[in-house]
Amino acid sequence: MYSQREVFFILNDSQICDLINIGLQGKADLAEIYLEHSNNSAVNLLDNRVVGATSSIIEGVGIRLLSGVNQVYVYSNGDDFDELVKLCTEASKAINGDTIHTAEELQKLSSLEVYTPKINPVELSKSDFVSYLRQAGSFALDFDNRIKKVTSSITASNKTYRVCNSRGVNVENRNSRTRMSVAVIAQDESNQQAGGRIAPGTLRGFEFFNEYPLIEKTQKICESAIRMLSSGYAPSGKMPVVIGNGFGGVILHEACVHALEATSVGIKSSCFTDMIGKQIAAPCVTARDNARLEGEWGSYLYDSEGTPSSDLLLIENGILKNYLVDELGSRRMPGFKSTGCARRQNCAFAPTSRMSNTYFTNGKERPEDIIADTEYGLYAADMGGGSVDTATGEFNFAVNEGYMIRNGKICEPVRGATLIGKGPEVLMNIDRIGNDLEHAAGMCGSLSGNVPTNVGQPTIRVSSILVGGRE
Amino acid sequence: MDANNVKDFLDKVITKAIDSGFEEAESIYKYGAGSAVSIFEGEVSNYENNSEQHIGFMGKLDKQMGSSKTSIVDISSVDYLVNSALDNHKVKNDEDEDFFYCDKENSDLYFNELSDASYKNGFERFRDTGLELEKAILNCDETIKAVDYLQVGYSKTIRILKNSLGLTEHTEGDLLTIGAEARCEKDGVVKTGYHIWYGRDIDEFKIDEFVSELRQRTCSKLGASSISSGIYKVILSQDAFVSLFSSYASSLSAFSIQKGMSLLKDKVNEVVASPLLTIREIPMYDKALLKFPFDNSGVLTYDKDIFKDGKFVQPLYTLKTAHKDNVKPTGNDFGGAEYTNLVLTPGDKNLEELAKEVGEGLYITDLNGLHAGINAVSGDFSLLCEGFLIKDGRIDHPVEQITVAGNYLDLLKNICAIGSDVKNISDGEGEFFCPSVVIKEMNIAGEAD
């Protein structure tokens, strides 16, 4: 590993304070300096050959000024302090406050690591990544001659960010994130093709992958891809849908929690605006957004405004309890404080309210009982991604691996199904919750870029949802 | 850093790379700067201003390349870039050889697309335009209750590349964007609509035209209902067709074809679509906002058909994939194979005439969930869509909560008419000039009985 500098950040404390004071000259009531340094490493394999290997170091500084609900954000990744002073001066001229505020003295730096990895992935050699991925690739290619392609990758990032503001906040976060992906494509003699993918992500360092059941999971996606080769098209129409645990939690992410973010609630555009204390989901539904789950992909200790993260109860027994609120959101939503959910992809983005590890909590039912009690419907064993319009609540998400349920039994595989609906309606239609909660890693895209988030859920059943198929 | 300093810096990286054992080397400097003003409820809610730069490096040794990148553009980066790339090179064992390029006749490439009108841009002008636009949107229709997003922005990019074969490539360009999302409400039903304008001169932005289009995209959705599941004859709007085409764009790349991961593998020069379909790439198209005299590897671009009378005639090549197929590169290397400006040959009927021809069917204006609801390998898709019912040969009431499902190649074969209503839509590296397209039959799932 080659490090360009011993000191990560291009600004010292005195320069940070200078920028805060310049920022306040334009009558902002809050000036915030965000510094970021990331060291990244990645490899990509195709059929076990290394087709890509790269390293990068990215630094930058973001300066944010707030006056009431008005925001000015400037950033640069140059290392010229004079250029930053110029940017900050321009920013302070663009803000329109009433009085000049005085900065509080910076507190003693709190330097925190959300999880200390035993094996830091960025410090590993690329050949360690390659050896790991080849285990999966060799297994998949030998598993069945209908497995025709295997693509795999590991991306690892050591990221440090420091947040200082005119209220004296002075927090530095360090984290090390790693994500691995193995995808297989199966093809039969009639050229029918189907795929399967695993993509776990973690804050736990590479020790997570050494304990990860790589071969067992690879075998599962190979088996699934081969099963799906013989699938027919999914039916169309409204029907009960049992959604499998883990990545199935994308239904909560898309159908509900995006519309609980202050980004949309704060400007009253969300379909869940002014609904705190009201029934928004079936009584069996409880949901949380917990940024403090140890070592999980979406976890962090302090958000990118320097506020401590939280384990937030969103929905309890169907009643809406909390929104995800950042600093700007709290200014637009009287009575709501920041919940420590302000996140951003990097310093190119101003922070906004985002999810971390979002999930339906466990119920008491066994997944097999939920299936057994379903006479006819769709079993969505594995979900793809989706999207939502937070104003109308209209969402869509894709079923990667689906099966018909007939007379309480999982039957033939089906492909090409999309689930659509309106968030407020589908939440009320959840009628069964399993006891097999699992989390799954993903990337969530929104106003402040792409951030790592977990989705999660136990097996659930939605009594009626529109399945968009072809039969 | 000015361009000459950048070139000197890139030379230092390349010299260090060759001294360190690389046989060939290439280094790229990228700079981007921009500003944007967001308006909400009559105020500037957000103002952004930024600049960023990166240096990228690729070194070739024994037919394989290693790469690296940093945002720190100073002398300390030279060792990092070269040494990291050497480390990365050690694990590479791609079966195909990597290449750099330099055409000695065209080794010093320069293209400047910076607008003469950029002096008009600035905080005050953006703010005033945004405030005026917000007011106009709110006043255009009584059902419009809010403008949830409105941003006026400007971005500028500089890209300078040098390689050890003697190539120097230097491009500069800029772009203005004005985007807004409106929210309308009637009888408790909420709908949203989004529209974006691209340009180079803010004086060319016409508020009335923008508001009219945004109003159409928003308020016309009110009163929507679902429809019964079934097979419908469908008009795909320009936006809907381009978004689907774009989602399957990887099937055009020679890389996907060579690796057996494209729908179009073994189908070059075969009929894969209706004979009505001809799509031509015109990199320097005079109606396009962005133009492309050369690609990112230094290869000059040229006009060519991608689909001709329903035949797939031209995969998109990079240096690497062209070498493998023993053909000339096609000028489509933009970090991977990518198209520039596309033109779908239009027909002679406008939208109303197409609807009349369809008689009973569906006009699909938007497709959602494209990032998840399509299978790039099998071609199957199932997507949430919005649009209008076509009844008695006329576009009738709006529809919602329906999905459209099918297979991409079947869809291309089932094109039965093409409109004359060409619209330019941002896509690929440039724009797609596309008319409405009529599909003979598509599977629609709805919830009406």
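Mentor: A helix here is a DSSP run of H or I with at least four residues, a strand is a DSSP run of E with at least two, and both are numbered from the N terminus. By that rule, chain B has nine helices and 20 strands. The model is predicted: local features need pLDDT of at least 70, side-chain atom pairs count only at pLDDT 80 or more, and totals for chains, interfaces and linings use all residues. Residues are numbered from 1 along each chain as its sequence is written, while chains are lettered from A and ligands numbered from 1 in the order in which they are written.

Trainee: How do you know whether the radius of gyration of chain B agrees or disagrees with that of a compact globule?

Mentor: The radius is taken over C-alpha atoms, and the globule rule is 2.2 Å times the number of residues to the power 0.38. For 449 residues this rule gives a value near 22 Å, and chain B has 24 Å, so the two agree. Along the principal axes, the C-alpha atoms of chain B fill a box of roughly 75 × 55 × 35 Å.

Trainee: Which domains is chain B divided into?

Mentor: Domain 1 covers 3-219 and domain 2 covers 230-245 + 345-445, with bounds from an automatic or database domain assignment. The C-alpha centres of these two domains of chain B lie 30 Å apart.

Trainee: What makes residues of α2(B) count as buried, and which are they?

Mentor: A buried residue has 20 or more other C-beta atoms within 10 Å of its own; with 12 or fewer it is exposed, and in between it is partly exposed, the C-beta atoms being placed from the backbone. In α2(B) the buried residues include V78(B), L81(B), A85(B) and H89(B). Their cover includes β1 (30-46), β2 (49-67) and α3 (126-143) of chain A, as well as α1 (3-19), β2 and β3 of chain B. Over chain B, buried residues make up 49% of the 449 residues.

Trainee: How do you know that chain B touches chain A, and how many residues are in contact?

Mentor: Two residues are in contact if their C-beta atoms, placed from the backbone, lie within 7 Å. By that test, 61 residues of chain B are in contact with 66 residues of chain A. The largest share of this side of chain B, 11 residues, comes from β2(B). By class, the side has 16 nonpolar, 29 polar and 16 charged residues; Ala, Val, Leu, Ile, Met, Phe, Trp, Tyr, Cys and Pro count as nonpolar, Asp, Glu, Lys and Arg as charged, and the others, Gly among them, as polar.

Trainee: What makes β2(B) and strand β3 of chain A a pair, and is the sense parallel or antiparallel?

Mentor: Strands pair if DSSP finds at least two bridges between them. Strand β3 (residues 70-76) of chain A and β2(B) have six bridges, in the parallel sense, and Q71(A) stands opposite N46(B).

Trainee: How many bridges make β15(B) and β16(B) a pair?

Mentor: These two strands pair over 10 bridges in the antiparallel sense, with G387(B) bridged to V399(B). They form a hairpin with two residues between them, and D392(B) in the turn has a positive phi of about 50°. Three bridges also join β16(B) to β20(B), again antiparallel, and V404(B) has I444(B) as its bridge partner.
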